[in-house]
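User: Hi! Could you walk me through this structure with me asking as we go?
Analyst: Happy to, here it is.
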Amino acid sequence: MEVAIVGASGAVGQELLKVLAERQFPVSRLRLFGSARSAGNHYTFLGKDYVVEQLQHGNQFRGIDVAFVSAGGSVSKEYAEDITRFGTLMIDNSSTFRMDADVPLVVPEINGRDALCRPRNIIANPNCSTIVMALPLYAIERLSPIRRIHVATYQAASGAGAQAMAELQEQYRQIAAGEKPIVDKFAYQLAYNLIPHIDIFADNDYTREEMKMHNETRKIFHSDVQVSATCVRVPSLRCHSEAVWVETEQTLNVEDVRKAIAEMQGCCVMDEPASKTYPMPLFLSGKDDVYVGRLRKDYTSPTGLTFWCVSDQIRKGAALNAVQIAEWLLQYDTAFQNKK
């Protein structure tokens with residue numbers, strides 16, 4: 001397939017190159033696009049050198065089968081028509097189109113079939129925090145419909161991009177050297193700190209990041225589940241962590257839930273309290289799965305469960321999920337298969 005990556009120099013763009021190579025996605029031709037600042041950068045893919053082209057309006061995407069777009073919402077909105085004009089499938093990592101009724105919002109292990117109906121030839125990648133909790137939650141949903149979810153997220157600097165990761169590392173260096181840390185990418189210094197604020201605040205005093213978890217989960221699950229989130233930025237580089245409380249319609253046995261999560265594609269149970277075995281970002285950077293631990297009954301609710309999950313959000317929360325959408329279409333969509 002002829003493949004394009006928009007935002008190739010960013011953290012997700014670089015991860016897309018790795019994932020495409022590792023999964024042996026059938027790339028016959030590759031083009032990389034970026035801003036004027038990143039145009040001219042060189043990257044290697046499967047031993048061949050590629051140069052980033054400046055993204056421009058016009059016919060750049062003629063002949064491209066699928067474009068993975070991760071350059072921010074304003075770029076996605078401005079260039080969507082240019083990207084899709086000649087039949088290119090746009091798999092978009094921004095929040096721009098996620099809640100549009102005519103754009104499917106897809107986690108392939110959960111609702112891959114939604115990708116078959118894409119009238120605008122755009123498929124949206126969900127928010128990274130939504131994806132991380134959606135996989136284990138869907139395993140529970142298949143046992144009993146979920147009525148309510150409370151979640152607190154512990155989101156790494158990488159969720160704000162490569163420059164945010166660099167800023168965190170530099171802040172630690174500056175503090176160790178007795179210098180005043182420079183704050184640019186976050187509302188406050190992130191080193192040695194927690195910031196309970198991701199994205200802008202809405203009128204209800206939830207942030208947009210928190211409301212994404214509510215709205216996107218409902219769209220992916222095709223349900224009216226209620227989701228209340230508190231999203232916190234933490235001073236780790238990669239991997240988002242989440243503490244999740246769930247209330248289901250029926251009372252569930254913990255061992256049945258554990259088995260269902262273990263059998264859920266894309267999930268891995270790491271849960272042995274006696275040996276202090278549970279998921280942590282320190283050990284899971286670069287891994288594909290969502291790791292689940294601390295699974296237990298919520299003793300405050302007869303139908304309640306609670307668990308802890310961790311995943312590398314640059315991979316499953318962004319690059320990997322996008323590539324898996326294209327892989328799903330190659331397997332199940334005749335029209336997409338014919339492009340191969």
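Analyst: We can go through the salt bridges, the nonpolar cores and one of the pockets. Keep in mind that this is a predicted model.

User: Good. How many salt bridges are there?
Analyst: The count comes to 26 salt bridges.

User: Start with Asp271. Which residue does it form a salt bridge with?
Analyst: Asp271 pairs with Arg258, and their closest N and O atoms are 2.5 Å apart. Asp271 lies in the loop between strand 11 (267–269) and helix 8 (281–284), while Arg258 lies in helix 7 (residues 254–263), so the pair ties together parts that are 13 residues apart in sequence.

User: And are those two buried or exposed?
Analyst: Both Asp271 and Arg258 are buried.

User: What about Asp288, who's its partner?
Analyst: Asp288 forms a salt bridge with Arg315, with 2.8 Å between the closest N and O atoms. Asp288 sits in the loop between helix 8 and strand 12 (290–297) and Arg315 in helix 9 (residues 315–332), so this pair ties together parts that are 27 residues apart in sequence. Asp288 is partly exposed, at 29% relative accessible area, whereas Arg315 is buried at 5%.

User: Switching topic: which residues touch the most other members of the largest nonpolar core?
Analyst: That core has 54 residues, and Phe61, Ile110, Met133, Leu137, Ile149, Val244 and Phe307 touch the most other members. Helix 4 (residues 128–141) supplies the largest share of this core, nine residues.

User: What does Ile149 touch?
Analyst: Leaving out residues up to four places away in sequence, Ile149 touches Met133, Leu137, Thr217, Val225, Gln226, Val227, Ser228, Val244 and Trp245.

User: What's in the second core?
Analyst: The second core is separate and has 34 residues, including Val12, Phe45, Tyr50 and Ala326.

User: Last one, the second largest pocket. What lines it?
Analyst: The lining is made up of Gly73, Ser95, Thr96, Arg98, Met99, Arg208, Met211, Lys212, Asn215 and Glu216. Helix 6 (residues 208–221) gives the most to this lining, with five residues.

User: How much space is in there, and what classes of residue line it?
Analyst: About 210 Å³ of space lies in the second largest pocket. Its lining has two nonpolar, four polar and four charged residues.

Definitions and conventions:
Residues are numbered from 1 along each chain as its sequence is written. This is a predicted model: local features need pLDDT of at least 70, side-chain atom pairs count only at pLDDT 80 or more; totals for chains, interfaces and linings use all residues. Side-chain values use heavy atoms; hydrogens and water are left out. On a 1 Å grid over the protein atoms alone, a cavity is a set of points where a 1.4 Å probe fits but cannot get out, and a pocket is an open set with protein on both sides within 12 Å along at least five of seven lines; lining residues have an atom within 4 Å of a point. Grid points are joined across faces, edges and corners, and a volume is the space filled by probe spheres set on the points. Helices (H or I, at least four residues) and strands (E, at least two) are DSSP runs, numbered from the N terminus. Ala, Val, Leu, Ile, Met, Phe, Trp, Tyr, Cys and Pro count as nonpolar, Asp, Glu, Lys and Arg as charged, and the others, Gly among them, as polar. A nonpolar core is a set of buried Ala, Val, Leu, Ile, Met, Phe, Trp, Tyr and Cys residues joined through side-chain atoms within 4.5 Å. Buried means under 20% relative accessible area, exposed over 50%, partly exposed in between (1.4 Å probe, protein chains only). Contact means heavy atoms within 4.5 Å. A salt bridge is a side-chain nitrogen of Lys or Arg within 4 Å of a carboxyl oxygen of Asp or Glu.
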